[in-house]
Amino acid sequence: MKRREFLKVALSTLSALSISGLSTKKAMGFYACPKEFHAVLVDTTRCIGCRSCEVACADSHGLLIPDPEDKTVFKTLRKTDEKRLTVVNRFETEKGEVYVKTQCMHCCQPACVAACLVKAMKKREEGPVTWSENCMGCRYCMVSCPFDMPKFEYDKAFGRIVKCDMCYGRIIKGKVPACVEACPSEALTFGTRRDILNEAKRRIYTKPDTYIPYIYGEKEVAGTGFLYISSVPFEKIGLPTNLGFKAYPEFTVPFLYSVPVILILWPAFLLGMHYATKEGRK
Amino acid sequence: MDQIARNTEKSWFLFLVFKLLHLGIHLFGFLIFLVRELKPKGKILTPFNVITLPIIVAGAFFAVEHMFEGLSTGTNVSQEFPWGIFIGFNVMVGVPFAGGAYVLAFLVYVLNFEKFHPIVRATVLNGFLAYAFYASAIFLDLGRKWNILNPIIGNEFGVNSILFLVAWHFLLYMLAELIEFSPTVAEWVGLERLKKILSSMTLGACVFGIALSTLHQSGLGGLFMMAKNKLHPLWYSEFIPMLFFASSIPAGLSVVIVQETITRRFFSHRMSESYLRNYDDIFIWLARGAALALFVYFFLKVLAFIHEKSWVHLWSPWGAWFLFEVIGLVLVPSFLFHFGQARRDRRIILFAAILTMLGIIVNRLNYSMIAFKWYVPFSERYFPSLQEITITLAIISTQLWIFRWVVNRMPVYEVPHVEEPETERTFVPELGFTMANGGEKILKKNMKEV
């Protein structure tokens with residue numbers, strides 16, 4: 001009996017210790033980093049297609065400012081490119097016209113960051129995915145990005161990779177991204193990702209007839225920094241729904257894990273084979 | 001005292017002058033040797049030269065133009081298709097084609113399979129040149145060319161990137177191949193001692209090179225792991241890296257078969273008797289290896305296909321294209337290799353090798369541009385521009401020129417120096433110890449005479 005009791009106590013103490021250890025570790029990790037990922041909620045039911053975000057974005061990034069009065073642009077499906085970091089597209093759906101803003105999604109675990117061989121792509125603690133000048137221009141990020149967002153300035157001898165940076169410079173100064181600030185219909189909301197998710201859920205729960213019960217970007221590619229809610233299914237408004245919920249960098253993990261194993265074991269094995277066959281032949 | 005000091009000073013000075021002169025004469029002699037060797041040997045106006053020289057000149061012009069103007073001048077790469085033929089063909093196809101170097105290094109230096117010894121130098125040379133020129137293709141493809149050294153000098157090390165691994169392995173493997181080939185250069189220059197030192201490094205370089213090759217051959221496939229939603233499901237698989245590695249072996253062997261057919265035709269004057277005598281045998285053994293390796297690749301391809309459960313996609317044009325690649329350009333040449341080696345027919349083997357090379361080209365192009373973004377309509381798809389094709393052909397031509405230059409001068413094809421057979425030692429009971437080289441017979445004869 002005594003022995004049993006001892007074992008019980010010992011085991012429970014051990015498990016309690018380990019659990020508390022884990023939880024304090026987690027908590028410390030959380031408190032040690034006061035910064036949280038930020039996110040932008042795109043409420044497609046509120047977007048009126050005024051393209052103020054495009055204008056504000058071009059203005060704050062020093063790009064060619066588009067004419068918001070020109071409504072002919074909605075005739076074709078536009079994509080972002082090296083001269084416009086965000087575009088608004090119009091989709092005809094059973095619930096009428098729906099306008100959808102597209103830009104870099106600022107994935108929580110971005111493929112472009114895992115792809116970059118010089119760490120020019122960085123996931124910042126505040127949430128944005130940014131690009132820096134040490135880039136080689138190999139364009140592997142463009143191959144890897146599931147949303148096809150990085151674009152390259154092909155017409156320059158020393159071009160840059162261009163994409164939305166969630167106005168990183170503004171965020172670290174405590175301001176909101178230019179597009180969010182410019183939006184007249186409150187279709188864009190900026191905040192910590194946690195708050196934004198709650199806000200999105202609140203809108204869906206309070207107006208279940210308006211929204212479909214799904215937040216695009218909550219789980220897609222293990223989470224994105226731009227979250228979408230909509231009144232129509234997302235494949236009807238041009239958002240890719242075949243990406244899965246796995247973080248894209250994880251697709252490269254099995255290969256990367258095999259690298260040290262092969263580099264260590266393979267030469268030893270080869271040398272062994274060399275000496276084995278050498279003995280056999282003589 | 002002073003006098004002696006001055007004299008020693010003087011003698012030191014003289015010694016130095018003498019040494020410098022000595023070195024100068026050596027250098028001068030070497031320069032004359034180089035200049036003499038740089039001159040072309042043989043006819044200048046051959047069909048090969050007449051065709052390739054304009055291509056090289058035009059390619060160099062286009063390359064320089066596009067270096068200063070940006071990628072949009074001359075290339076058709078786009079936001080939709082960021083990788084054109086410089087990466088999609090030169091690198092993706094060129095690297096498995098250069099795989100013969102590590103396969104033969106494995107067979108000859110690691111497994112002591114001496115049969116292939118006569119062709120290993122040419123193959124390593126070919127592999128080294130291929131890598132050197134594909135590095136230049138990468139340089140041309142970069143959008144920010146002058147940052148090419150950043151992953152090497154650590155601005156910054158993106159260690160979580162497969163491309164980082166591939167870049168480093170390219171560099172290190174080129175070094176390994178240079179070491180593997182360097183004894184030939186030392187022999188050409190006539191530095192016997194240096195050659196010995198370099199030869200002693202061959203095994204190490206080979207083992208290192210094989211490990212690097214395993215990883216970067218598969219790493220090229222690994223690059224597409226994150227293009228999951230862009231590759232057609234018939235081609236996307238968790239096992240892309242393994243398939244790329246497995247296919248590099250038959251690809252490399254096929255290139256060796258074609259290379260040996262060509263070099264035998266044009267460089268037979270540079271080949272030793274024993275090689276020409278064994279030529280058929282080597283050819284047959286290459287075919288045997290290729291047949292086996294190709295069948296293993298086919299088997300893995302089928303396994304990956306079953307694993308991905310993409311049967312539904314077979315009944316579509318893409319399915320037909322996939323079956324054409326896997327059966328027509330993998331399984332068929334595998335059997336052809338087998339028939340060729342069974343009948344000892346070099347023509348069948350050569351045909352199978354060309355089919356295999358075609359299969360590798362189709363496979364790699366599928367990954368880099370054909371089945372990549374297969375949903376993009378035809379009008380928006382990537383096609384190489386005339387300039388891109390010219391530059392690619394120029395790169396290949398330059399490589400062939402250098403290969404020819406080296407084979408015509410360095411002992412690429414002569415059989416390497418064979419070691420003396422080990423001396424026989426026999427025990428002489430009269431003396432109570434062993435004697436070598438038949439010494440005991442002489443001894444006995446002498447003893448009798450005495």
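The following conversation goes through some packing and pairing features of a predicted model.

Colleague: Why are H7 and H8 of chain B called roughly antiparallel to each other?

Modeller: The axes of H7(B), residues 162-189, and H8(B), residues 192-200, come within 8 Å and cross at roughly 165°. Angles over 145 degrees count as roughly antiparallel, and H7(B) and H8(B) are therefore described in that way. The crossing in which H7(B) passes H8(B) is left-handed.

Colleague: Which residues make that contact between H7(B) and H8(B), and how do they divide by class?

Modeller: On the H7(B) side they are B:Ile179, B:Ser182, B:Pro183, B:Ala186 and B:Glu187, and H8(B) brings B:Leu194, B:Lys195, B:Leu198 and B:Ser199. By class, the contact has five nonpolar, two polar and two charged residues.

Colleague: What makes H5(B) roughly perpendicular to H10(B)?

Modeller: Helix H5, residues 117-141, and helix H10, residues 240-266, both of chain B, pack at an angle of about 110°, and their axes are 11 Å apart. The band from 65 to 115 degrees counts as roughly perpendicular, and that makes the term apply to H5(B) and H10(B). The contact is made by B:Ile119, B:Ala122, B:Thr123 and B:Asn126 of H5(B) together with B:Val256, B:Gln259, B:Glu260 and B:Thr263 of H10(B), a set that divides into three nonpolar, four polar and one charged.

Colleague: Turning to chain A, why is strand E1(A) said to be largely enclosed by the rest of the structure?

Modeller: A residue counts as buried if 20 or more other C-beta atoms lie within 10 Å of its own. Six of the six residues of E1(A), residues 38-43, are buried, so the strand is largely enclosed.

Colleague: How do you know that both faces of E1(A) are covered?

Modeller: In a regular strand the side chains alternate between the two faces of the sheet. In E1(A), one side holds A:His38, A:Val40 and A:Val42 and the other holds A:Ala39, A:Leu41 and A:Asp43, and all of these are buried.

Colleague: What makes the pairing in the sheet E8-E1-E9 of chain A mixed?

Modeller: E1(A) is joined to E8(A), residues 188-192, by five bridges, and these two strands run antiparallel, whereas E1(A) and E9(A), residues 226-229, pair in the parallel sense over four bridges. At least two bridges are needed for strands to pair, and the three strands form an open sheet whose pairing is mixed. On the E8(A) side, A:Ala39 stands opposite A:Gly191 and A:Val40 stands opposite A:Phe190, while in E9(A) the bridge partner of A:Asp43 is A:Ile229.

Colleague: Why is one side of E8 and of E9 in chain A left without a neighbour in the sheet?

Modeller: The order of the strands in this open sheet is E8-E1-E9. E8 and E9 of chain A stand at the edges and each has a single partner strand, so one side of each lacks a neighbour in the sheet. The twist from one strand to the next averages 25°. Helix H7(A), residues 193-206, lies across E1, E8 and E9 of chain A and runs at about 135° to E8(A).

Colleague: Which element supplies the largest share of the side of chain A that touches chain B?

Modeller: There are 47 residues of chain A in contact with 44 residues of chain B. The largest share of the chain A side, 14 residues, comes from H8(A), and by class that side divides into 31 nonpolar, eight polar and eight charged residues.

Conventions
Residues numbered from 1 in each chain as written. Chains lettered and ligands numbered in written order. Predicted model: local features only at pLDDT ≥ 70, side-chain atom pairs only at ≥ 80, totals over all residues. Axes fitted to C-alpha atoms, helices over the stretch in contact; angles between N-to-C directions. Parallel < 35°, antiparallel > 145°, perpendicular 65-115°, else oblique. Left-handed = near helix turned anticlockwise from the far one by under 90°. Contact = placed C-beta atoms within 7 Å. Nonpolar A, V, L, I, M, F, W, Y, C, P; charged D, E, K, R; others polar. Buried ≥ 20, exposed ≤ 12 C-beta atoms within 10 Å, placed from the backbone.
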